[in-house]
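Visitor: Could you walk me through this protein chain, starting with its pockets and then moving on to the strands?

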Amino acid sequence: MLSKSVAFYSQNFCHHFAPMQNKKKIINTPLYHRLLEYVVPHWKTLTLALISMAIMALTVSALPALVLYMFDKIPLNAGLVLTQDFLWVVLAFLIARGTASFISTYTMNTTSNKVCVDLRVAMFNKLLTLPINHYIKMTENDLEHRFITDVNSGSQAIINASTSFVKNTLTVAFLLTWMFYLSGEFTLFTLTILSVLLLVSQLINGYLDRTNNQIINASNDVLEALCQSISKYQTIRVHGGQSQEEKRFRNKAKQMHEFNLQFINIKTLRILLGQIVAIIILTTIGYFLFQQTHHDKITTGEIASLLTAAVMLFSPLNQLLSINSFLLQGRQSLERIFSFLDSESVKHTGSVLIERPSGKLTFDKVSYMSEITDQPVLDNFSFAIKPKQTIALICASEEEKNALTDLLLGITQPTYGRILFDNQNLIKLDLNSLYANIALISHKALLFDDTAATNIAYGAMECTNEAKITSAAYMSNTSEFVRGLTNGLQTKLGSHDVNLTHTQCQHIAIARALLRNPSILIIDETFTSPTTSHTETKRLQDALQTLMKERTTLFISQQPPSLVEIDHVVNISDKKMTPNQLTKSIQSLLRKTQ
C-alpha cells in the first residue's frame, strides 16, 4: 500500500504542474482581493465553516493516533469490553467527521450563494448605468453567460479552492505535528524527501512547459501554412509552387512532430523517475525505521502510526497541488465579471435643481451621431415648445425616435447643440430633479411583476398612500377594470393568471403618470391602434385628455396620434412644422370615438 501511494504521489506531483496551452500565472492577487470584498460581510458563516473544516482535519489526523493505540495499548488477548470501547471511539470520530463535513459543505455553499447574489446585484446596478450602446449590443445569451454562468462557475471554483486549501492545509499541519511528536528525526527526514521531490518536479515541469509552448507555436505555424496555401492557391498553381509549398509544410510538420516526441519522452521519463524515487523513498524509510527499532528508540505501534501518517500525507498534498486548476477556472470567470463591473457608466455632472418648471422646451441646433453606425440621427434640429403645448414629433425611424427620447431624458447628450429646459441647459440639471418633473409613457406599456397598486406607484412614488393611488386609478379610468380583478388594486400583475390587454396596460401607464403630476409628458406611443370597442376607445381618450391638461406634452412617434388634438406636428427629418395640424383622417377618427 505504501509503495503504491509513494509511486502515485511521485508521478502525480509532476502531473499537477503539467503545462497547459498558453498557461499564465494563475494567482491574480488584485482580482481575489476584490472578491474578498464580497466575502468578508459573511464572516460569521465562514467562521463556522473554518471551525468545521478544522474538526474534519483533526479527525482525519487522529487516525494515526488510533493506530498507535491499537498496536501498543490493546493486547492481542484484549477483552470484549476494551475492544468495544475502542470501536465506540472510532465510531465517535466518524460521526464527528461526518457532522463537520455536512456543516462545512452547507456553510461554504451558503456563503457561495450569498456572494452570487451580491455579485449579481452589483452587476445589475452597473447594467442600469451603462451607455445606450451596451444595451443595443448585448444579447440574451450575453446576459445569461455574465449573470448566470460566470457568477456560478467563478464563485463555486473559488469556494472549492478555498475549501480544499483550508481543509488540506490543516490536515497536513496536524499530521506533521503528530509525526514530529512521535519522531522529530523521521518527520524532518520525510519533509526533506518531499522538498527534494517538489524541486525535481518543478524543474521537470518547467522543461515540459517550455516544450509545450514550442508545440503550440509549431502547431500555429502548421495552421498558418495551411491557411496561406488555401488563400494563395491560385498563385501556387499558376507558378507551379506545389513542390516548394510541400517542402515548407513538411518542415513545419516535422518540427511539430519532433517537439511532440520530445514532450512524450520527457513524460515517460517522469513516470520512470517517479517509480525510481518511490523505491528509493521506501528503501530509505525502511532502513531508517529498522535502525530506530534496532536501538529501541521506537515501538511497533509508533512505526505503524508514522507509516500511516506518511501515507495519509500524500492525498492532501496532491489535492493542494490541484488547487491551481480550480483557480484557473475561477479566475477566467471573475475576470469577465469584474471587467463588466469596471465598464464605464454614463456620467452626468449636472447639479442644478429645479422646483416646478413651466414646461418650456427648446432644441437649439441639436445634432446627434449614432454610437453604433457613426451616422447622424439628428442634424442641426432647432425648435421651441411653449409651456402647456401639445406637440407631435414625427420621426423617420425607430432609431431617431429612441435617440430623441434618450436626449430629452438626459440619458445621452447631444453631439452638438443643446436642449434647454425652462432656459436651463439640460446637461447642467440634476437628473433626479429633472425626472421629478417628467413622466414617460412608453409604447411597450410595461407591467412589473407586482400588484396593480405598486405598478401605479412605481419607483420614487412607492411610498404614496393608498388614497392617492386610488384617485390616480379613478382619473385614468383604470379602476373600471381593476374592480373586476380578484384582489382589486392588490392583485399581482405580470403573472400567468392575470392577462391584461394592451389598452388596459396603457391605462395603468397613464395612472402612473398622473400620480407623478409632472410638468412635461413624453409619450412614446401613437395611440392609433384600434381598440376592441367604442367604449374602451372613449375611456382611453378621456384618460389621455385628463393627463395632458395644463401640461407640456410631446408625442414622439413615427405617425401622429389619433385620439387627441395636436397643436403642432413637427417632422424631425425635414424640420417642417405644421401649426394646428389636424388632418381630415384624424378628425374622422376623433368623431368616431365621440
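This is a predicted model: local features need pLDDT of at least 70, side-chain atom pairs count only at pLDDT 80 or more; totals for chains, interfaces and linings use all residues.

Visitor: Okay, how much space lies in the largest pocket?

Guide: The largest pocket holds about 2,000 Å³ of space. On a 1 Å grid over the protein atoms alone, a pocket is an open set of points with protein on both sides within 12 Å along at least five of seven lines, whereas a cavity is a set where a 1.4 Å probe fits but cannot get out; lining residues have an atom within 4 Å of a point. Grid points are joined across faces, edges and corners, and the volume is the space filled by probe spheres set on the points.

Visitor: Which residues are closest to its centre?

Guide: The largest pocket is lined by 50 residues, and those closest to its centre are Thr 405, Asp 406, Leu 409, Ile 411 and Leu 440.

Visitor: And which element gives the most to that lining?

Guide: Helix α12 gives the most to the lining of the largest pocket, with seven residues. The elements that give two or more are α5 (132-137), α12 (398-408), α13 (431-435), β6 (438-442) and α17 (502-516), where helices (H or I, at least four residues) and strands (E, at least two) are DSSP runs numbered from the N terminus. By class, the lining of the largest pocket has 29 nonpolar, 12 polar and nine charged residues, with Ala, Val, Leu, Ile, Met, Phe, Trp, Tyr, Cys and Pro counted as nonpolar, Asp, Glu, Lys and Arg as charged, and the others, Gly among them, as polar.

Visitor: How many charged residues does the second largest pocket have in its lining?

Guide: The lining of the second largest pocket has no charged residues, but 17 nonpolar and six polar ones. That pocket has a volume of about 570 Å³, and of its 23 lining residues, Leu 36, Val 39, Ile 158, Ala 161 and Ser 162 lie nearest the centre. Two or more residues come from each of α2, α3 (43-72), α4 (80-127), α6 (140-182) and α11, and α6 gives the most, with eight.

Visitor: Switching topic, how many aromatic pairs does the structure hold?

Guide: The structure holds five aromatic pairs, a pair being rings of Phe, Tyr and Trp (its six-membered ring) with centres within 6.5 Å, stacked if the planes are under 30 degrees apart, edge-to-face if over 60, and tilted for the rest. One of them is the tilted pair of Tyr 38 and Phe 338, at 6.3 Å centre to centre and 45 degrees between the planes. This pair links distant parts of the chain, with Tyr 38 in helix α2 (residues 29-39) and Phe 338 in helix α11 (residues 323-341), 300 residues apart.

Visitor: Now the strands: what is the order in the open sheet?

Guide: The open sheet of four strands has the order β2-β1-β4-β5, with antiparallel pairing, and its edge strands are β2 and β5 (424-425), each of which pairs on one side only. Two strands pair if DSSP finds at least two bridges between them. Strand β1 (residues 361-369) is joined to β2 by six bridges, and Tyr 368 stands opposite Leu 378 in β2.

Visitor: How many residues of β3 are buried?

Guide: In strand β3 (residues 390-394), five of its five residues are buried. Thr 390, Ala 392 and Ile 394 point one way, with Ile 391 and Leu 393 pointing the other way. In a regular strand the side chains alternate between the two faces of the sheet.

Visitor: Which strands does β3 pair with?

Guide: β3 pairs in the parallel sense with strand β8 (residues 552-557) over five bridges, and Ile 391 stands opposite Leu 554 in β8. Four bridges also join β3 to strand β9 (residues 568-571), again running parallel, with Ala 392 opposite Val 569 in β9.

Methods
Residues are numbered from 1 along each chain as its sequence is written. Side-chain values use heavy atoms; hydrogens and water are left out. Buried means under 20% relative accessible area, exposed over 50%, partly exposed in between (1.4 Å probe, protein chains only).
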